[in-house]
Amino acid sequence: MAAAMSLSACGPTQDAKQPDQSLIGKSTIQVDGRLMTPEALWAMGRIGSFDVSPDAKQLAYSVSYYSVPLDKSNSELFVINTDGTNNKQITSTPFSEGSPKWIKEGSKIAFISSESGSSQLWEMNADGTEKKQLSNVENGIEGFSFSPDEKKVVLISTVKVGETTADKHPDLPKATGKVINDLMYKHWDEWVTDAPHPFVGDFNGSEIINLTDIMQGEPYESPLRPFGGIEQIAWNTTGDKIAYTSRKKTGKEYAISTNSDIYVYDLKNNTTTNITEGMMGYDTNPQYSPDGKYISWLSMERDGYEADQNRLFVMDLASGEKRFMSKDFESNVDDYTWSSDSKSIYFIGVWHATSQMYAIDVEQAKVSQITEGMHDYATIALCGEGLIGKRHSLSSADEIFSVSLDGAQTQVTFENKHIYDQLDMGNVEKRWLTTTDNQQMLTWVIYPPHFDPNKKYPTLLYCQGGPQSPVSQFWSFRWNPQIMAAHGYIVVAPNRRGLPGFGLKWNEQISGDYSGQVIKDYLTAIDELSKEPFVDTDKLGAVGASFGGYSVYYLAGHHDKRFKAFIAHDGIFNMEMQYLETEEMWFANWDMGGAYWEKNNPIAQRTFANSPHKFVDKWDTPILCIHGEKDYRILANQGMAAFNAAVLRDIPAELLIYPDENHWVLKPQNGILWQRTFFEWLDKWLK
């Protein structure tokens with residue numbers, strides 16, 4: 001149920017140097033009828049990471065492309081001037097190149113490639129010539145970072161943790177059983193058999209040698225699974241210290257705690273120091289200031305609360321003083337970077353349903369807003385005297401934009417312009433609605449293309465997952481409001497209780513109250529829009545995933561016949577089973593209020609008394625249940641149980657089950673099937 005993160009492409013599965021019969025590259029799709037289709041979504045290139053050249057004149061960036069016929073993706077690298085001119089593709093292989101970084105004073109680009117058969121570090125010229133492999137790590141690498149003088153490098157690679165069945169019983173090599181004796185044996189979509197570690201090595205300009213695991217013998221992760229990357233590891237300015245993120249816990253202790261820390265490894269004496277000892281929540285993403293005087297990181301205050309406010313902290317390396325720098329910003333710091341003079345920190349944060357760039361004056365800890373508009377920034381980096389970052393909206397996937405410090409924004413890449421030019425998008429409107437407790441709730445309304453206010457339209461209530469993920473100007477290649485609008489639906493997307501960007505009280509209200517005010521907020525949104533003459537109140541639907549799926553299952557027993565169709569993806573149906581099935585127990589303990597056997601715990605007892613499965617006797621509306629069997633956050637039996645219950649009650653129901661998908665749907669053909677099934681179900685009951 002953790003907040004959704006950006007998808008990263010999987011490389012081709014063919015053997016090294018045995019290219020597939022067809023390279024996967026930019027699509028030349030022609031859209032029929034100027035309306036968005038699933039095929040158009042999957043034809044879009046997805047911009048990944050980027051890096052600014054030392055002279056701030058060029059960008060290197062990656063783009064992932066998907067092939068529906070081949071059911072796979074591939075990532076290629078591009079170079080473009082920071083003013084948007086001279087865009088060139090510099091790789092064109094089936095081996096998936098990514099994570100570009102300028103090195104050697106901008107004369108080379110380092111990157112990760114699977115060309116050798118596993119993901120390794122390579123370098124090449126900025127025009128794509130003279131490719132050379134730099135690393136040869138047995139398990140491949142997941143990320144890298146060069147020291148400031150480029151004489152050393154950190155590589156992320158996995159190490160084995162724990163004893164396998166084969167270790168214990170070598171005479172049973174084909175046995176698939178796993179003997180488990182503690183918690184956290186599964187996570188997100190995998191059985192826990194290894195952990196990522198930072199390895200430091202020497203770089204002589206030609207190859208990486210003398211690799212050393214700086215967490216040798218430790219069964220812990222750095223970076224943190226399942227979403228952490230190289231942003232959780234940082235070099236100091238002199239290249240003799242490495243700060244890294246780790247939660248040094250295993251088993252049950254790991255499963256119930258979010259208490260990660262920032263550790264500093266000293267290369268001179270091979271010692272490690274915990275600089276956030278006593279700070280009890282998530283501490284992640286360290287960065288050293290360019291002048292070498294400070295170290296910064298993101299910090300949550302409370303252990304066990306994964307959606308706590310993500311605060312920016314700075315520590316003076318001389319005095320040890322720690323300061324809460326983003327105190328004036330009552331929301332999360334999502335990404336950040338230091339200014340070149342170390343006097344400011346630039347960051348991205350969500351407020352009132354858009355994610356913008358902000359600046360913090362380091363001396364005064366004063367926050368000022370830089371950008372504004374109906375969009376979200378997703379990443380931020382320095383670019384000369386200004387900034388640069390990826391930006392998206394409800395109507396556009398990620399593109400790279402340059403930003404001057406006065407807030408002027410200029411689009412640099414136009415990866416999917418050839419597709420947008422063929423599409424008619426629906427209008428996006430912002431409305432403030434009054435809730436049942438007399439609060440103001442921002443709600444996005446997305447209208448069908450060519451909307452006619454004199455007609456009546458079927459209308460969908462969009463229920464957000466997370467649960468504490470903002471309903472901002474997000475872009476999704478699956479839960480995409482514009483494709484819903486293109487199918488003739490008005491989409492109502494409320495920033496209901498339990499979302500960041502509206503103050504801490506608003507964000508935190510949902511914990512322990514899944515069936516309370518948030519459900520009232522949902523009903524307020526659909527009821528207020530239903531007053532409009534263009535909303536067909538006989539054709540209302542509710543759709544959602546994760547917590548949104550829970551919301552749909554709960555609404556199915558409490559909607560007073562408002563809705564005529566439901567779709568729940570990866571939702572919680574039985575709260576008691578969810579408490580014991582999920583892998584991250586800290587989440588269940590915090591959001592449910594405790595265990596169902598705690599009879600004297602009123603919050604927990606309220607949670608479990610309002611489990612959706614207890615209201616199936618009130619279900620009266622067709623429902624589609626979708627789930628992935630590799631989803632270890634919310635197990636697939638939740639979706640199967642909801643479907644079975646509906647069928648046993650003679651309620652029209654359908655189950656879309658994926659044996660090979662997790663909490664998301666990542667494979668192209670599965671994604672197309674998802675969209676087709678989604679709209680076939682809605683059209684059947686709402687049109």
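Buried means under 20% relative accessible area, exposed means over 50%, and partly exposed lies in between (1.4 Å probe, protein chains only). By that cut-off, helix α10 (residues 585-592) is mostly covered, with six of its eight residues buried. Helices (H or I, at least four residues) and strands (E, at least two) are DSSP runs, numbered from the N terminus. This is a predicted model, in which local features need pLDDT of at least 70 and side-chain atom pairs count only at pLDDT 80 or more, while totals for chains, interfaces and linings use all residues. Residues are numbered from 1 along each chain as its sequence is written, and side-chain values use heavy atoms, with hydrogens and water left out.

**Helices α10 and α11**

- The buried residues of α10 are Met-585, Trp-586, Phe-587, Ala-588, Asp-591 and Met-592.
- Their cover includes α3 (251-255), α9 (575-581) and α11; contact here means heavy atoms within 4.5 Å.
- Helix α11 spans residues 602-609 and contains Ala-609, which is partly exposed at a relative accessible area of 40%.
- Beyond residues up to four places away in sequence, Ala-609 touches Lys-614 and Phe-615.

**Nonpolar cores**

- A nonpolar core is a set of buried Ala, Val, Leu, Ile, Met, Phe, Trp, Tyr and Cys residues joined through side-chain atoms within 4.5 Å.
- The largest such core has 109 residues, and those with the most contacts inside it are Trp-444, Leu-461, Leu-555, Phe-563, Trp-619, Phe-678 and Leu-682.
- A second, separate core has 16 residues, including Val-52, Tyr-61, Ala-381 and Cys-383.
- Leaving aside neighbours within four places in sequence, the contacts of Leu-461 include Val-492, Pro-494, Tyr-522, Ala-525, Ile-526 and Gly-541.
- Leu-461 also contacts Leu-555 and Phe-563, which are listed with it among the residues with the most contacts inside the largest core.

- All six residues of strand β20 (residues 294-299) are buried.
- Both faces are covered: Tyr-294, Ser-296 and Leu-298 lie on one side, and Ile-295, Trp-297 and Ser-299 on the other.
- Strand β19 (residues 283-288) pairs with β20 in the antiparallel sense over four bridges; pairing requires that DSSP find at least two bridges between two strands.
- Gln-287 has Ser-296 of β20 as its bridge partner.
- The hairpin of β19 and β20 has five residues between the strands, and Gly-292 there takes a positive phi near 80 degrees.
- Strand β21 (residues 311-316) runs antiparallel to β20 and is joined to it by six bridges.
- Leu-298 has Leu-312 of β21 as its bridge partner.

**A buried asparagine**

- Asn-74 lies in strand β3 (residues 72-81) and is buried, with a relative accessible area of 1%.
- The side chains of Asn-74 and Glu-76 are joined by a polar contact of 2.8 Å.
- A polar contact is a pair of N or O atoms within 3.5 Å; within protein, one must be able to donate a hydrogen and the other to accept it, and residues adjacent in sequence count only if both atoms are side-chain atoms.
- A polar atom of the Asn-74 side chain also lies 2.9 Å from the backbone nitrogen of Ser-96.

**Salt bridges**

- The structure holds 33 salt bridges, each a side-chain nitrogen of Lys or Arg within 4 Å of a carboxyl oxygen of Asp or Glu.
- Asp-51 and Lys-101 meet in one of these, at 3.7 Å from N to O.
- That pair links distant parts of the chain, with Asp-51 in strand β1 (residues 46-52) and Lys-101 in strand β5 (residues 97-103), 50 residues apart.
- Asp-51 is buried at 16%, whereas Lys-101 is partly exposed at 34%.
- Asp-437 and Arg-497 form a salt bridge whose closest N and O atoms are 2.8 Å apart.
- Asp-437 is partly exposed at 33%, and Arg-497 is buried at 4%.
- Glu-142, Glu-190 and Arg-225 are linked in a network of salt bridges.

**Cysteines**

- The structure holds zero disulfides, a disulfide being a pair of cysteine sulfur atoms within 2.5 Å.
- The sulfur of Cys-463 is too far for a bond, because the closest cysteine sulfur, in Cys-625, is 14 Å away.
- Cys-463 is buried at 1%, and Cys-625 is buried at 0%.
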